[in-house]
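Dear colleague,

I am passing on the structure below for you to look through. My notes on what was found in it follow, and I would be glad if you read them with the structure open.

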Amino acid sequence: MQPQPRIFLGLCAFAAFVQCQQQVTVGKVGSKTFILLEGSKNVDWETSESMCKAKGLQFAALENSRENGLVSDFVVKRAPVTTAPYVHVCLGGTDKKSEGHWYWVASNKPLAYTNWADHEPQNNTYYNCMMMAPVGDNTKAKWQSNECDNAQCRPLCQSV
């Protein structure tokens with residue numbers, strides 16, 4: 001019987017963590033509203049997905065240049081107001097099922113539009129999750145592949 005209270009406490013701690021996340025509206029493109037979940041610390045990719053779901057949202061899919069441009073501009077402009085010199089956001093893209101075949105987890109659709117940084121994605125069995133961060137002179141943000149359990153991003157969600 002002891003595991004049940006531990007599980008319950010773990011879920012309660014996660015629920016409290018999710019509840020204390022500030023929802024920052026990035027903007028709207030078509031019917032999608034993009035929302036960044038801000039908190040006191042960065043989280044890993046899988047936690048990001050869970051946090052979006054817990055808020056009744058989907059993990060973000062940037063399916064065209066307008067959506068990507070909106071989020072890229074936000075990431076670049078947001079950098080000076082955070083405690084870190086830059087912001088990484090977790091996006092809902094992965095190639096976990098088959099190396100090199102990237103898809104959006106919310107829709108299970110393959111990527112039709114991409115905005116990868118130079119030398120990305122890394123075709124490496126450990127780099128299966130997508131993030132976006134400023135690149136070069138920090139005037140634009142691009143997609144990068146990274147380890148899924150590498151805790152260094154903020155969840156980017158979208159309306160359902």
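Which residue lies over the face of Tyr103? It is Lys97, at 4.7 Å from the ring centre, where a charge counts as sitting over a ring if NZ of Lys or CZ of Arg is within 6 Å of the ring centre and within 35 degrees of the ring normal.

Before going further, please note that this is a predicted model, in which local features need pLDDT of at least 70 and side-chain atom pairs count only at pLDDT 80 or more, while totals for chains, interfaces and linings use all residues. Residues are numbered from 1 along each chain as its sequence is written, and side-chain values use heavy atoms, with hydrogens and water left out.

As for confidence, the mean pLDDT (the predictor's confidence in each residue, from 0 to 100) of the protein chain is 85, and 82% of its residues reach 70 or more. Over residues 1-17, however, pLDDT stays under 50, and the model has seven contacts for them beyond four places in sequence, a contact being heavy atoms within 4.5 Å. Where pLDDT is low, the predicted coordinates should not be read in detail.

The structure holds five aromatic pairs, that is, rings of Phe, Tyr and Trp (its six-membered ring) whose centres lie within 6.5 Å, with planes under 30 degrees apart counted as stacked, over 60 as edge-to-face and the rest as tilted. The rings of Trp102 and Trp116 have centres 4.9 Å apart and planes at 65°, so this pair is edge-to-face. Trp102 belongs to the loop between strands S4 (89-94) and S5 (103-104), and Trp116 to the loop between S6 (109-110) and S7 (129-135), strands being DSSP runs of E of at least two residues and helices runs of H or I of at least four, numbered from the N terminus. Both Trp102 and Trp116 are buried, meaning under 20% relative accessible area, with exposed over 50% and partly exposed in between (1.4 Å probe, protein chains only).

Trp104 and Trp143 are also edge-to-face, because their ring centres are 5.6 Å apart and their planes at 85°. Trp104 lies in S5 and Trp143 in S8 (residues 140-146), so the pair ties together parts 39 residues apart in sequence. Trp104 is buried at a relative accessible area of 2%, and Trp143 at 0%. One aromatic cluster is formed by Trp102, Trp104, Tyr113, Trp116 and Trp143.

Finally, helix H2 (residues 45-54) has Trp45, Ser48, Glu49, Met51 and Cys52 as its buried residues.

With regards
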